[in-house]
Amino acid sequence: MSNAARTSVKQLRVLDFGRANIDLGAVMAPGDLDGVWAICAFPAYLIDLADGRHVLVDTGPNRRHIREPMYEFAGMPLAEGLQPQLTDADDPLNRLAEVGLTPADIDMLILTHTHFDHAGNADEFSASEIVIHQDAYAAALDAGQRGYAHKPGRIPEFAADGTPLRYRLVAGDTELVPGLTLLETPGHAPGHMSILLHLPETGAVILAIDAIYSAANRRFGNYKIGADPEQGRASAERLIALEGREGAWMIYGHDPDQWQELLKAPEGYR
Ligand SMILES: [Zn+2]
């Protein structure tokens, strides 16, 4: 069967929800990149389905970081090594508007985990089914009001307008639609999820999210940052094996070099 026949995914678009100046040694690869700084993006992904529905993966850092860069983690240990630099253009509402969409057009929102840079604006998505791993959801319920850096954040129960948000809890690997499978990759955070896509022309794509931050993490075998580093290593190795089996293209979570090469929305990969 051709890719086109077994997928209902039409296009993948990469959304730029802002960036930060990051001490890679402190935040991404301790011991291997100490003292190295880089501008790393906070990506999100828009997956357009063939039937016209839209799936959003992650919601970026809370928009308050635009005016108040250290909003969620000033004074916390990692704050020294992570300096958000967000502009108005990076607001998810503005990025969605650039492709002609609003949150009301997002049928499914996947929250890969609840760190501050992945789940910050979830309360905009009252129209969406919000898909999250049950372990990430449980960790978020236990979290303080604000997530910061590598702590799970509390996720909202209600939208800004008071509407209850609709969560769908998943566990294990989950094929959401043909060609879009959620992969259980815990370690970086409880219930962390990566995504395997089959695009009609590009073929298999793995969105590693934070199971593999960057090509450098993979090169050094450095998966130290996270809730459970050994589990994180197993998840990263699982993705690397899957990449080989599927002949997939791996998009890393926050790779500063790969980011430069990626097509950004409104362009996309088909
Ligand atoms: Zn992240």
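This is a predicted model: local features need pLDDT of at least 70, side-chain atom pairs count only at pLDDT 80 or more; totals for chains, interfaces and linings use all residues.
Is Thr-112 buried or exposed?

1. Let's start with Thr-112 itself. This residue counts as buried, because its relative accessibility is 0% and the cut-off for buried is under 20%. You will find Thr-112 in the loop between strand E5 (108–111) and strand E6.

2. Now look at the side chain of Thr-112. A polar contact of 2.8 Å links this side chain to that of Asp-58. A polar contact of 3.0 Å also joins the side chains of Thr-112 and His-113.

3. Leaving aside residues up to four places away in sequence, its contacts are Val-57, Asp-58, His-118, Gly-191, His-192, Met-193 and Ile-209.

4. Next, step back to the sheet. Seven strands form an open sheet with mixed pairing, in the order E4-E1-E2-E3-E5-E6-E7. At the edges are strand E4 (82–85) and strand E7 (166–170), each of which pairs on one side only. From one strand to the next, the twist averages 30 degrees.

5. Within this sheet, have a look at strand E1 (residues 9–23) and strand E2 (residues 37–49). These two strands run antiparallel and are joined by twelve bridges.

6. Finally, turn to helix H4 (residues 134–142). Helix H4 packs on the sheet, where it touches strand E6 (129–133) and E7. The direction of H4 makes about 90 degrees with that of E6.

Conventions:
Residues are numbered from 1 along each chain as its sequence is written. Side-chain values use heavy atoms; hydrogens and water are left out. Two strands pair if DSSP finds at least two bridges between them. Helices (H or I, at least four residues) and strands (E, at least two) are DSSP runs, numbered from the N terminus. Axes are lines fitted to C-alpha atoms, for helices over the stretch in contact, and angles run from 0 to 180 degrees between N-to-C directions. Contact means heavy atoms within 4.5 Å. Buried means under 20% relative accessible area, exposed over 50%, partly exposed in between (1.4 Å probe, protein chains only). A polar contact is a pair of N or O atoms within 3.5 Å; within protein, one must be able to donate a hydrogen and the other to accept it, and residues adjacent in sequence count only if both atoms are side-chain atoms.
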